[in-house]
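Hello,

Here is the structure I promised to pass on to you. Please have a look, and then read on for my notes.

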Amino acid sequence: NAVPIGATLYADRMFQPGFRVGLTSNLTDESSLSGNYWFYQSQLHRSAALPGGTGYFDPVTMHPNTLSVVSDNLATTAEFDLDFDVVDAHYRSTVYDGDLYYLDLTVGARYARIDEDFHASYSVLGTTDVDTALGFDGCGPRLGLELERPFDGRMHLFVRSALSMLLGHVTAEYVQTNSFGGSTTPQATAEIDDSRFVPVTELEVGIGWDSPNGNWRFSGAYYVATYHNTLTTGRFIQGVQDNNLYKLDDSLTFDGLQARIEIHW
């Protein structure tokens, strides 16, 4: 029984749509002030049941000290909710304007809030539930470089990169309860409350098109951002099960395709 074979129920983030809105005010031909707000949410719910005699689910998110010979179960459910709110404000200045491309420097600040909520339910000794809640709040300076290369016609290629250094607060809670014991007497609990620096690296590469009158700009890009030295649900549960919560950290990455519409006036 030590060899993991058979069905596995995964609770992992899926691609979901998010949005970003912003406003830019041009100070001169080569400088501007901008602010924008990002929102993203990913929700997942999965459940599965196995007929008797064909195998069982191993409750891999339960605390190992609470497992026994009756821990194998035939039915399980999982819910995973992740969302973030990001607010950026920055000043942009053109540092190079040539015939082939121009380069902008951005200096500003970022605020980020990330929440992860996980729930797993197992048919073990009645019903055993595992709940975790993770949160990060942080703000700090943000520095970026933006390169744009116009082509013949109205097309252009752009590359945007940024580095933020967020000073934030990380919290995490793990609670395991059983239907016989009730929610007031959990089988296992653990908490983390920590302040830390979270570097954020971002890269966006895409192509755009400008309307003939210059009032509309349409673009598409691939975006990736990594929040370093933060905490993820999987890493936290592993730390709880290993009874080692000291200096737990992980990287959280968001990536996907972006479509942008800009109105210029």
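Let me begin with Ser31, which has its place in strand 2 (residues 31-49); strands here are DSSP runs of E with at least two residues, helices are runs of H or I with at least four, and both are numbered from the N terminus. Before going further, please note that this is a predicted model, where local features need pLDDT of at least 70 and side-chain atom pairs count only at pLDDT 80 or more, while totals for chains, interfaces and linings use all residues. Residues are numbered from 1 along each chain as its sequence is written, and side-chain values use heavy atoms, with hydrogens and water left out.

Ser31 has a relative accessible area of 6%, so it is buried (under 20% relative accessible area; exposed is over 50% and partly exposed is in between, with a 1.4 Å probe and protein chains only). Its side chain forms a polar contact of 2.8 Å with the side chain of Thr28. By polar contact I mean a pair of N or O atoms within 3.5 Å; within protein, one must be able to donate a hydrogen and the other to accept it, and residues adjacent in sequence count only if both atoms are side-chain atoms. Beyond its neighbours within four places in sequence, Ser31 is in contact (heavy atoms within 4.5 Å) with Asn26, Tyr91, Arg92 and Ser93.

Now to the rings. The whole structure holds 11 aromatic pairs, where rings of Phe, Tyr and Trp (its six-membered ring) pair if their centres lie within 6.5 Å; planes under 30 degrees apart count as stacked, over 60 as edge-to-face and the rest as tilted. One of the pairs is Trp38 with Tyr223, which is tilted because the planes stand at 40°, with the centres 5.2 Å apart. Trp38 lies in strand 2 and Tyr223 in strand 8 (residues 216-230), so this pair ties together parts that are 185 residues apart in sequence. Trp38 is buried at a relative accessible area of 7%, and Tyr223 also counts as buried, at 11%. Elsewhere, ring pairs link Tyr40, Phe84, Tyr227 and Phe254 into a cluster.

Tyr227 also leads us to Arg110, as the side chains of these two residues make a polar contact of 3.4 Å. Arg110 is found in strand 4 (residues 102-122) and is buried, with a relative accessible area of 3%. A polar contact of 3.0 Å joins its side chain to that of Glu202. Outside the four places on either side in sequence, Arg110 touches a list of residues including Val86, Asp88, Cys139, Arg142 and Leu166.

Leu145, in strand 5 (residues 128-150), is partly exposed, at 40% relative accessibility.

The C-alpha atoms fill a box of roughly 75 × 40 × 30 Å along the principal axes. Of the 265 residues, 36% count as buried. Among contacts between residues at least 6 apart in sequence, 69% join residues at least 24 apart.

Best wishes
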